[in-house]
Amino acid sequence: MGSSPTFAISFFMDEHRILSEIISRIAEPFSLLNDAFVLDNFVITKDLLAEGVHFFPFAEPYKLAKKALRVNLSDLAAMGAEPVGYFLGLVLGEKHKNSTWLNRFADGLLDDQKCYKVKLFGGDIVIHSGPLLISVTMIGKKGERILTRSGAESGDELCISGPIGDSYLGLLSYRGELQESSYLRNKYDLPEPCLDVSRDIISSVTSCIDISDGLLSEAQHLARNSSVSITIFIDKVPISDEARVVLPKKPEIRRKLITAGDDYQLLFTVPQKHSVTRRYPVIGFVSEGSGEVKVLDLSGREIYFGSPGFVHR
(Lines give C-alpha, C1' and ligand atoms only; values in the text may rest on other atoms or scores of the structure.)
Protein backbone atom coordinates (compact mmCIF):
# COMPACT_ATOMS: atom_id res chain seq x y z
CA MET A 1 0.00 0.00 0.00
CA GLY A 2 1.43 3.37 -0.93
CA SER A 3 1.20 6.74 0.74
CA SER A 4 -1.80 8.98 0.16
CA PRO A 5 -2.12 12.78 0.09
CA THR A 6 -2.85 14.70 3.27
CA PHE A 7 -5.83 17.05 3.42
CA ALA A 8 -4.57 20.33 4.89
CA ILE A 9 -7.40 22.10 6.74
CA SER A 10 -6.33 25.62 7.68
CA PHE A 11 -9.46 26.41 9.71
CA PHE A 12 -11.60 24.39 12.10
CA MET A 13 -13.76 21.79 10.41
CA ASP A 14 -15.52 18.85 12.02
CA GLU A 15 -15.96 15.41 10.44
CA HIS A 16 -19.26 16.19 8.72
CA ARG A 17 -18.03 19.45 7.17
CA ILE A 18 -14.88 17.75 5.88
CA LEU A 19 -16.99 15.03 4.27
CA SER A 20 -19.59 17.38 2.80
CA GLU A 21 -17.31 20.23 1.67
CA ILE A 22 -14.02 18.53 0.76
CA ILE A 23 -14.28 14.77 0.32
CA SER A 24 -17.62 14.94 -1.52
CA ARG A 25 -15.90 16.87 -4.34
CA ILE A 26 -13.67 13.93 -5.18
CA ALA A 27 -15.85 10.95 -4.23
CA GLU A 28 -17.99 8.85 -6.54
CA PRO A 29 -21.61 10.07 -6.73
CA PHE A 30 -23.71 8.59 -3.89
CA SER A 31 -20.62 6.96 -2.30
CA LEU A 32 -21.02 8.96 0.93
CA LEU A 33 -24.78 8.56 1.22
CA ASN A 34 -24.84 5.07 2.76
CA ASP A 35 -22.96 2.92 5.26
CA ALA A 36 -20.88 1.25 2.53
CA PHE A 37 -20.11 1.41 -1.19
CA VAL A 38 -21.54 -1.06 -3.70
CA LEU A 39 -19.15 -2.24 -6.41
CA ASP A 40 -20.61 -4.87 -8.76
CA ASN A 41 -21.52 -7.78 -6.46
CA PHE A 42 -19.52 -6.51 -3.51
CA VAL A 43 -20.19 -4.10 -0.66
CA ILE A 44 -17.13 -2.33 0.77
CA THR A 45 -16.72 -0.22 3.90
CA LYS A 46 -13.90 1.33 5.91
CA ASP A 47 -13.72 2.50 9.52
CA LEU A 48 -10.78 3.96 11.41
CA LEU A 49 -10.30 3.63 15.18
CA ALA A 50 -7.97 6.12 16.84
CA GLU A 51 -6.47 5.90 20.32
CA GLY A 52 -7.87 8.64 22.54
CA VAL A 53 -10.88 9.13 20.26
CA HIS A 54 -12.52 5.71 19.92
CA PHE A 55 -10.74 3.78 22.69
CA PHE A 56 -8.65 4.32 25.79
CA PRO A 57 -4.84 3.97 25.71
CA PHE A 58 -5.20 1.08 28.17
CA ALA A 59 -7.66 -0.83 25.94
CA GLU A 60 -7.10 -4.58 25.99
CA PRO A 61 -5.71 -5.60 22.55
CA TYR A 62 -7.84 -8.75 22.28
CA LYS A 63 -11.09 -6.79 22.63
CA LEU A 64 -9.78 -3.89 20.58
CA ALA A 65 -9.13 -6.16 17.60
CA LYS A 66 -12.67 -7.48 17.79
CA LYS A 67 -14.14 -3.98 17.99
CA ALA A 68 -12.19 -2.91 14.90
CA LEU A 69 -13.79 -5.73 12.90
CA ARG A 70 -17.25 -5.44 14.38
CA VAL A 71 -17.82 -1.74 13.69
CA ASN A 72 -17.17 -2.53 10.03
CA LEU A 73 -19.36 -5.63 10.08
CA SER A 74 -22.13 -3.40 11.41
CA ASP A 75 -21.89 -1.28 8.24
CA LEU A 76 -22.34 -4.42 6.13
CA ALA A 77 -25.36 -5.38 8.24
CA ALA A 78 -26.90 -1.97 7.56
CA MET A 79 -26.54 -2.65 3.81
CA GLY A 80 -27.85 -6.21 3.91
CA ALA A 81 -24.46 -7.64 2.86
CA GLU A 82 -22.76 -10.90 3.85
CA PRO A 83 -19.17 -10.57 5.19
CA VAL A 84 -16.33 -12.09 3.17
CA GLY A 85 -13.02 -10.62 4.32
CA TYR A 86 -11.01 -7.52 5.15
CA PHE A 87 -7.79 -5.55 4.77
CA LEU A 88 -6.04 -4.31 7.91
CA GLY A 89 -3.99 -1.15 8.40
CA LEU A 90 -2.07 -0.64 11.65
CA VAL A 91 -0.14 2.41 12.81
CA LEU A 92 1.56 1.11 15.93
CA GLY A 93 3.02 3.19 18.73
CA GLU A 94 6.23 2.10 20.44
CA LYS A 95 4.31 0.37 23.24
CA HIS A 96 2.34 -1.77 20.79
CA LYS A 97 5.16 -3.44 18.87
CA ASN A 98 5.97 -6.03 21.54
CA SER A 99 5.04 -9.66 20.89
CA THR A 100 2.68 -9.93 23.89
CA TRP A 101 0.47 -7.04 22.73
CA LEU A 102 0.56 -8.08 19.08
CA ASN A 103 -0.27 -11.72 19.79
CA ARG A 104 -3.27 -10.75 21.92
CA PHE A 105 -4.44 -8.45 19.12
CA ALA A 106 -3.99 -11.26 16.58
CA ASP A 107 -5.93 -13.66 18.83
CA GLY A 108 -8.87 -11.26 18.87
CA LEU A 109 -8.83 -11.00 15.07
CA LEU A 110 -8.57 -14.75 14.65
CA ASP A 111 -11.45 -15.50 17.00
CA ASP A 112 -13.78 -13.07 15.22
CA GLN A 113 -12.61 -14.29 11.82
CA LYS A 114 -13.95 -17.69 12.85
CA CYS A 115 -17.09 -16.25 14.44
CA TYR A 116 -18.11 -14.12 11.46
CA LYS A 117 -16.52 -16.30 8.76
CA VAL A 118 -14.22 -13.62 7.34
CA LYS A 119 -10.61 -13.79 6.13
CA LEU A 120 -7.72 -11.34 6.29
CA PHE A 121 -6.73 -10.49 2.71
CA GLY A 122 -3.78 -8.16 3.38
CA GLY A 123 -2.87 -4.71 4.65
CA ASP A 124 -0.03 -2.55 5.90
CA ILE A 125 1.80 -1.78 9.15
CA VAL A 126 3.63 1.39 10.20
CA ILE A 127 5.50 1.95 13.47
CA HIS A 128 5.82 5.47 14.85
CA SER A 129 6.05 7.33 18.16
CA GLY A 130 2.42 8.45 18.27
CA PRO A 131 -0.95 6.91 19.16
CA LEU A 132 -2.36 3.63 17.87
CA LEU A 133 -4.50 3.78 14.73
CA ILE A 134 -6.46 0.82 13.35
CA SER A 135 -7.96 0.88 9.86
CA VAL A 136 -10.17 -1.92 8.55
CA THR A 137 -11.56 -2.17 5.04
CA MET A 138 -14.32 -4.79 5.14
CA ILE A 139 -15.69 -6.51 2.04
CA GLY A 140 -19.03 -8.26 1.77
CA LYS A 141 -21.20 -9.81 -0.90
CA LYS A 142 -24.56 -8.42 -1.87
CA GLY A 143 -27.41 -10.00 0.02
CA GLU A 144 -30.94 -10.56 -1.22
CA ARG A 145 -31.11 -6.81 -1.89
CA ILE A 146 -29.12 -3.70 -1.03
CA LEU A 147 -30.43 -1.75 1.95
CA THR A 148 -29.95 2.02 1.83
CA ARG A 149 -30.67 5.14 3.86
CA SER A 150 -33.16 6.32 1.25
CA GLY A 151 -36.57 4.84 0.55
CA ALA A 152 -38.50 5.68 3.72
CA GLU A 153 -42.02 6.82 2.88
CA SER A 154 -44.71 8.75 4.69
CA GLY A 155 -46.73 6.32 6.79
CA ASP A 156 -43.79 4.00 7.49
CA GLU A 157 -42.97 3.04 11.06
CA LEU A 158 -39.52 3.58 12.58
CA CYS A 159 -38.03 0.52 14.27
CA ILE A 160 -34.85 -0.31 16.13
CA SER A 161 -33.15 -3.68 16.55
CA GLY A 162 -32.50 -3.38 20.30
CA PRO A 163 -31.64 -1.17 23.28
CA ILE A 164 -29.34 1.83 23.03
CA GLY A 165 -27.12 3.59 25.53
CA ASP A 166 -25.21 0.70 27.10
CA SER A 167 -21.97 1.59 25.32
CA TYR A 168 -22.16 5.20 26.49
CA LEU A 169 -22.87 4.09 30.05
CA GLY A 170 -19.88 1.75 29.78
CA LEU A 171 -17.77 4.72 28.73
CA LEU A 172 -18.96 6.67 31.79
CA SER A 173 -18.11 3.66 33.96
CA TYR A 174 -14.57 3.65 32.60
CA ARG A 175 -14.32 7.38 33.30
CA GLY A 176 -15.41 6.88 36.89
CA GLU A 177 -18.63 8.84 36.39
CA LEU A 178 -20.71 5.72 37.08
CA GLN A 179 -20.09 2.77 39.33
CA GLU A 180 -18.02 -0.02 37.82
CA SER A 181 -20.09 -2.36 35.66
CA SER A 182 -18.50 -5.21 33.75
CA TYR A 183 -21.68 -5.60 31.67
CA LEU A 184 -21.73 -1.97 30.53
CA ARG A 185 -17.98 -1.83 29.96
CA ASN A 186 -18.22 -4.94 27.85
CA LYS A 187 -20.89 -3.27 25.72
CA TYR A 188 -18.47 -0.39 25.12
CA ASP A 189 -15.57 -2.73 24.33
CA LEU A 190 -17.41 -5.30 22.21
CA PRO A 191 -20.21 -4.07 19.93
CA GLU A 192 -22.39 -6.76 18.39
CA PRO A 193 -23.06 -6.25 14.67
CA CYS A 194 -26.69 -7.05 13.86
CA LEU A 195 -26.06 -9.38 10.94
CA ASP A 196 -28.84 -11.78 11.96
CA VAL A 197 -31.29 -8.88 12.25
CA SER A 198 -30.23 -7.69 8.80
CA ARG A 199 -30.99 -11.11 7.33
CA ASP A 200 -34.35 -11.15 9.09
CA ILE A 201 -35.54 -7.74 7.87
CA ILE A 202 -33.85 -7.54 4.46
CA SER A 203 -36.98 -8.21 2.42
CA SER A 204 -39.16 -5.87 4.48
CA VAL A 205 -37.45 -2.54 5.19
CA THR A 206 -37.71 0.63 3.15
CA SER A 207 -34.54 2.20 4.61
CA CYS A 208 -31.83 1.19 7.08
CA ILE A 209 -28.76 2.53 8.90
CA ASP A 210 -26.59 1.41 11.81
CA ILE A 211 -26.36 3.55 14.95
CA SER A 212 -22.72 4.54 15.32
CA ASP A 213 -22.91 8.31 15.88
CA GLY A 214 -26.18 8.42 17.84
CA LEU A 215 -29.84 7.56 17.31
CA LEU A 216 -30.87 11.15 16.57
CA SER A 217 -28.00 11.70 14.13
CA GLU A 218 -28.72 8.50 12.22
CA ALA A 219 -32.46 9.26 12.09
CA GLN A 220 -31.53 12.57 10.46
CA HIS A 221 -29.59 10.68 7.78
CA LEU A 222 -32.65 8.55 7.02
CA ALA A 223 -34.93 11.59 6.94
CA ARG A 224 -32.65 13.68 4.72
CA ASN A 225 -31.78 10.89 2.30
CA SER A 226 -35.45 9.91 1.97
CA SER A 227 -36.76 13.51 1.94
CA VAL A 228 -39.24 12.80 4.74
CA SER A 229 -39.86 13.83 8.35
CA ILE A 230 -39.29 11.44 11.26
CA THR A 231 -40.85 11.61 14.72
CA ILE A 232 -39.36 9.65 17.65
CA PHE A 233 -41.08 8.99 20.98
CA ILE A 234 -38.38 9.02 23.64
CA ASP A 235 -40.34 6.74 25.97
CA LYS A 236 -40.52 4.09 23.20
CA VAL A 237 -36.75 3.93 22.74
CA PRO A 238 -35.63 0.68 24.42
CA ILE A 239 -32.94 0.55 27.08
CA SER A 240 -31.48 -2.47 28.85
CA ASP A 241 -32.33 -3.66 32.36
CA GLU A 242 -28.81 -2.66 33.40
CA ALA A 243 -29.38 0.87 32.13
CA ARG A 244 -32.66 1.04 34.06
CA VAL A 245 -30.73 0.38 37.25
CA VAL A 246 -28.28 3.20 36.53
CA LEU A 247 -30.57 5.92 35.19
CA PRO A 248 -32.63 6.66 38.35
CA LYS A 249 -29.36 7.67 40.01
CA LYS A 250 -28.37 9.82 37.01
CA PRO A 251 -31.63 11.05 35.42
CA GLU A 252 -29.79 13.76 33.48
CA ILE A 253 -28.16 11.03 31.38
CA ARG A 254 -31.44 9.75 29.87
CA ARG A 255 -31.55 12.30 27.08
CA LYS A 256 -27.87 11.82 26.33
CA LEU A 257 -28.52 8.21 25.31
CA ILE A 258 -30.37 9.51 22.23
CA THR A 259 -27.24 11.21 20.91
CA ALA A 260 -24.32 9.30 22.46
CA GLY A 261 -23.82 6.65 19.77
CA ASP A 262 -21.49 3.64 19.59
CA ASP A 263 -24.54 1.36 19.88
CA TYR A 264 -24.41 -0.41 16.49
CA GLN A 265 -28.07 -1.31 16.55
CA LEU A 266 -29.96 -1.08 13.26
CA LEU A 267 -32.45 1.75 12.77
CA PHE A 268 -34.91 1.05 9.96
CA THR A 269 -38.28 1.90 8.49
CA VAL A 270 -41.01 -0.52 7.43
CA PRO A 271 -44.54 -0.13 6.04
CA GLN A 272 -47.20 0.48 8.69
CA LYS A 273 -48.38 -2.61 10.60
CA HIS A 274 -45.84 -4.83 8.85
CA SER A 275 -45.14 -8.14 10.61
CA VAL A 276 -41.60 -6.91 11.37
CA THR A 277 -43.09 -4.51 13.91
CA ARG A 278 -44.12 -7.47 16.05
CA ARG A 279 -40.47 -8.54 16.37
CA TYR A 280 -38.71 -5.21 16.88
CA PRO A 281 -39.58 -2.10 18.92
CA VAL A 282 -41.44 0.65 17.06
CA ILE A 283 -40.06 3.98 18.28
CA GLY A 284 -41.61 6.46 15.87
CA PHE A 285 -43.08 7.12 12.46
CA VAL A 286 -42.37 8.71 9.09
CA SER A 287 -44.39 11.58 7.64
CA GLU A 288 -44.12 14.02 4.76
CA GLY A 289 -41.27 16.49 5.09
CA SER A 290 -37.79 17.42 3.96
CA GLY A 291 -35.32 15.94 6.43
CA GLU A 292 -36.72 17.01 9.80
CA VAL A 293 -36.46 14.84 12.94
CA LYS A 294 -38.45 15.49 16.13
CA VAL A 295 -38.14 13.77 19.50
CA LEU A 296 -41.23 13.96 21.71
CA ASP A 297 -41.53 13.40 25.47
CA LEU A 298 -44.34 11.62 27.30
CA SER A 299 -46.52 14.74 27.06
CA GLY A 300 -46.01 15.07 23.33
CA ARG A 301 -43.73 18.10 23.69
CA GLU A 302 -40.67 18.34 21.49
CA ILE A 303 -37.27 17.82 23.12
CA TYR A 304 -34.43 19.93 21.78
CA PHE A 305 -30.83 18.75 21.65
CA GLY A 306 -27.70 20.84 21.32
CA SER A 307 -26.02 18.24 19.11
CA PRO A 308 -27.64 15.31 17.27
CA GLY A 309 -24.74 12.93 17.85
CA PHE A 310 -21.05 12.23 18.13
CA VAL A 311 -18.80 14.32 15.89
CA HIS A 312 -15.07 13.76 15.25
CA ARG A 313 -13.16 17.00 15.64
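Predicted model: local features only at pLDDT ≥ 70, side-chain atom pairs only at ≥ 80, totals over all residues.
# A walk through the helices and loops

Let's start at D235, which is partly exposed, with a relative accessible area of 39%. D235 sits in the loop between β8 (228-233) and α8.

The protein chain contains eight helices and twelve strands. Of its 313 residues, buried ones make up 50%. Take the contacts between residues at least 6 apart in sequence: 84% of these join residues at least 24 apart.

A65 belongs to helix α2 (residues 61-79), and it is buried, with a relative accessible area of 0%. Once neighbours within four places in sequence are set aside, A65 is in contact with F105, G108 and L109.

The axes of α2 and helix α3 (residues 99-116) are 7 Å apart, and the helices pack at an angle of about 40 degrees. That angle makes α2 oblique to α3, since 35 degrees is the limit under which a pair counts as roughly parallel. Their crossing is right-handed. On the α2 side, the meeting residues are P61, Y62, L64, A65, K66, L69, R70 and L73. Facing them from α3 are W101, R104, F105, D107, G108, L109, D111, D112 and Y116. By residue type, this contact divides into ten nonpolar, one polar and six charged residues.

Follow the chain onward from α3 and you come to K117, in the loop between α3 and β4 (119-127). Here a backbone angle deserves a look. Most residues other than glycine have a negative phi. K117 is not a glycine, yet its phi is positive, at about 60 degrees. Is K117 buried or exposed? At 66% relative accessibility, K117 counts as exposed.

D262 is buried, at a relative accessible area of 18%, because the cut-off for buried is under 20%.

How many of the ten residues of α4 are buried? Eight are, which leaves α4 mostly covered. The buried residues are D166, S167, Y168, L169, G170, L171, L172 and S173. The cover over them includes α5 and α8. Just after α4 comes G176, with a positive phi of about 85 degrees.

How does α4 meet α5? The axes of helix α4 (residues 166-175) and helix α5 (residues 182-189) come within 7 Å, crossing at roughly 110 degrees. The two helices are therefore roughly perpendicular to each other. In passing α5, α4 makes a left-handed crossing. From α4, the contact draws on D166, S167, L169, G170, L171, S173 and Y174. From α5, it draws on Y183, L184, R185, K187, Y188 and D189. Sorted by type, the residues of this contact come to six nonpolar, three polar and four charged.

Finally, a look at the cysteines. A disulfide is a covalent bond between the sulfur atoms of two cysteines. With a cut-off of 2.5 Å between sulfur atoms, the count comes to zero disulfides. C208 is buried, with a relative accessible area of 1%. C159 is buried too, with a relative accessible area of 0%.

Methods. Residues numbered from 1 in each chain as written. Heavy atoms only, no water. Axes fitted to C-alpha atoms, helices over the stretch in contact; angles between N-to-C directions. Helix = DSSP H or I, 4+ residues; strand = E, 2+ residues; numbered from the N terminus. Parallel < 35°, antiparallel > 145°, perpendicular 65-115°, else oblique. Left-handed = near helix turned anticlockwise from the far one by under 90°. Contact = heavy atoms within 4.5 Å. Nonpolar A, V, L, I, M, F, W, Y, C, P; charged D, E, K, R; others polar. Buried < 20%, exposed > 50% of the residue type's maximum accessible area, 1.4 Å probe, protein only.
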